[in-house]
Amino acid sequence: MQEVPKELDGGLVIKHTVSPEDQKLGMMFFEENDGSTTEVTITSLAIVHYEEENDYYVFMCDQNWDVQDDYKVESVDDGIAWAEKNFDVEEKQWI
């Protein structure tokens, strides 16, 4: 896995968590134009803040820290709670 970036999609990474080696946090499935599906393994999450916004985002990333999806939250604590509910990531796992 690549080193944790300080920024993702132009926003500052406030907190992050990475799955243990050879494990995944989840899977995402994308439907292609031809009707086929592509599977992407989610191995890391990041809570990101944009300077010009009040809200935060939980970014779901692959092993290269490419953002696959995001979820908007009101605070870092809300992001941690959302990740715990949706990805079984405990508060102590965030750095």
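In what order do the elements of the protein chain run from the N terminus on, and where is the place of H49?

Modeller: This is a predicted model, in which local features need pLDDT of at least 70 and side-chain atom pairs count only at pLDDT 80 or more, while totals for chains, interfaces and linings use all residues. Residues are numbered from 1 along each chain as its sequence is written, and side-chain values use heavy atoms, with hydrogens and water left out. From the N terminus on, the elements of the protein chain run β-β-β-β-β-β-β-α, where helices (H or I, at least four residues) and strands (E, at least two) are DSSP runs numbered from the N terminus. H49 lies in strand β5, which covers residues 44–49. With a relative accessibility of 18%, H49 counts as buried, a term that means under 20% relative accessible area, with a 1.4 Å probe and protein chains only; of the 95 residues of the protein chain, 38% count as buried. The side chain of H49 reaches the backbone oxygen of E53 at 2.9 Å. Once its neighbours within four places in sequence are left aside, H49 is in contact (heavy atoms within 4.5 Å) with G11, L12, I14, N54, D55 and Y56. Across the protein chain, residues 24 or more positions apart account for 44% of the contacts with a separation of 6 or more. The C-alpha trace of the protein chain spans about 40 × 30 × 25 Å along its principal axes.

Conventions
Buried means under 20% relative accessible area, exposed over 50%, partly exposed in between (1.4 Å probe, protein chains only). A polar contact is a pair of N or O atoms within 3.5 Å; within protein, one must be able to donate a hydrogen and the other to accept it, and residues adjacent in sequence count only if both atoms are side-chain atoms.
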